[in-house]
Amino acid sequence: MKLFNTLSGKNEKLRHNTGKFKMYFCGPTVYSYAHIGNFRTYLLQDVLVRTLEVDGYNPCVVRNITDVDDKTIRDAMKTGTSLGDFTEKWTKIFHDDCRALSIKPPDFEPKATEHIGEQIAMIETLIGKGFAYVAPDGSVYFRISAFDGYGMLSNLDKRDLKTQELDSGGGKNLADEYNRDSVCDFALWKAAKAEDGENFWPSPWGNGRPGWHIECSAMAKKYLGKTIDLHSGGIDLKFPHHENEIAQSECANGEKFSHYWMHINHLLIDGAKMSKSLGNLYTLDDIRKHGYSPQCLRYALIAAHYSQQLNFTFNNLVAAKNALGKLQKFFAKISDGSGIQKFKITVWEFFGDAFESLLNNMNTPECLGNIFKKINEIDSGTLGDDQKSNLSREFSTLMYCLGLTLDEKEADVEVPENVKILAGKRWKAKTSKNFTEADKLRQELLELGWNMSDSRESYTIEKL
Ligand SMILES: [Zn+2]
């Protein structure tokens, strides 16, 4: 399999080890629902894992749970719950969402708070080697001027970095991190503050808690060793988080941290960045309320290339629903009823092009295009019985790679025909500026227990 490696800036063939193909994915901070932008990343990483399995790699995945940071502490204290109870609740919700979206669980899912010792040990190593220093308040910082490789992933040199950090408002953080030698130095250990309440751990430098970056370096080392094969996360993590992980790991371990880096691009909603203030932070529950299944969301989010931005609108879900319907229909026709599973396929007879698209920098849109092209060809021809079994095995294996279950039970909330007709009439009235009529029809829909939400170019119907 070939992937674009952010580190080298090139498409590279992933090397086949005899052992495990070791991967580390930066996981969620558990203080709220994950939004669909987060899920875009986890879903595409899931397609990668599944494709590697089918391609004969032996993937081993670590995806961490960040269960201590400013936000988890702040919100746990606000709700009057212990940090542990608070993050456990959100971790469970995250797991439920992942299961609904058919994201395979990682092989290891370490929590930051359960690895404080490993993080302290790594910080001690960094201090011992001269890469980190203790500030007067008991915080510990990484000295980026001590690491020549800093900036290798984001192609920034240290001078650019300084300007960038100051320009992007980095200066305002100085108030609580005034002890740093340089504004670019980042915290490995944060000394306890009054607003942290009881949420601190003892360390050689006094009470405090680890910085966010160090958890990934320490836990990757514990579960995967000093050097891993591939590291992945959303593109917003490339700098500074991933750059800092490289600095910590390579300085502490004295070895290369990761051979390949894969970054998943942003999700935009109706052309805008997702944000709380715009009210466009959709969760899986929001998608369900609009009458779409988790599988529809999965399809919509994996249908675009991971290296490109995806502009998400509710039309994407309409298209996804149609596409899933076609795949379901085709599978019902060719399968022996045993459901989606992966097979070992040595020579592809029907869907070789589609699988090749996945192997070539995980080109999911091209893969789906090739699948539908083939389906059309097959639908217009005739097949011998001997070909049917190969066809079904190949199709099933591709659906496994994409994580599409094609399960009828996954079907969406069924919108009754009369509701659909009313909704269509109301949309027509609204778009022809007959607002009195549109309001009257909306009222009728509400009385039937359905609500309509409009976007610029379309609408969705939601059960109340
Ligand atoms: Zn990380």
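Predicted model: local features only at pLDDT ≥ 70, side-chain atom pairs only at ≥ 80, totals over all residues.
1. Ser102 is placed in the loop between helix 3 (83–100) and helix 4 (116–128); helices are DSSP runs of H or I with at least four residues, numbered from the N terminus. Although Ser102 is not a glycine, its phi is positive, at about 60 degrees.

2. Residues are numbered from 1 along each chain as its sequence is written.

3. Asn361, in the loop between helix 11 (352–359) and helix 12 (364–379), also is not a glycine and has a positive phi, of about 55 degrees. Most residues other than glycine have a negative phi, and most peptide bonds are trans.

4. The peptide bond from Phe239 to Pro240 is cis, with omega near 0 degrees. Pro240 belongs to helix 7.

5. Helix 6 (residues 212–224) packs against helix 7 (residues 238–253) at an angle of about 50 degrees, and their axes are 8 Å apart; axes are lines fitted to C-alpha atoms over the stretch in contact, and angles run from 0 to 180 degrees between N-to-C directions. The two helices are therefore oblique to each other, that is, neither under 35 degrees (roughly parallel), nor over 145 (roughly antiparallel), nor 65 to 115 (roughly perpendicular).
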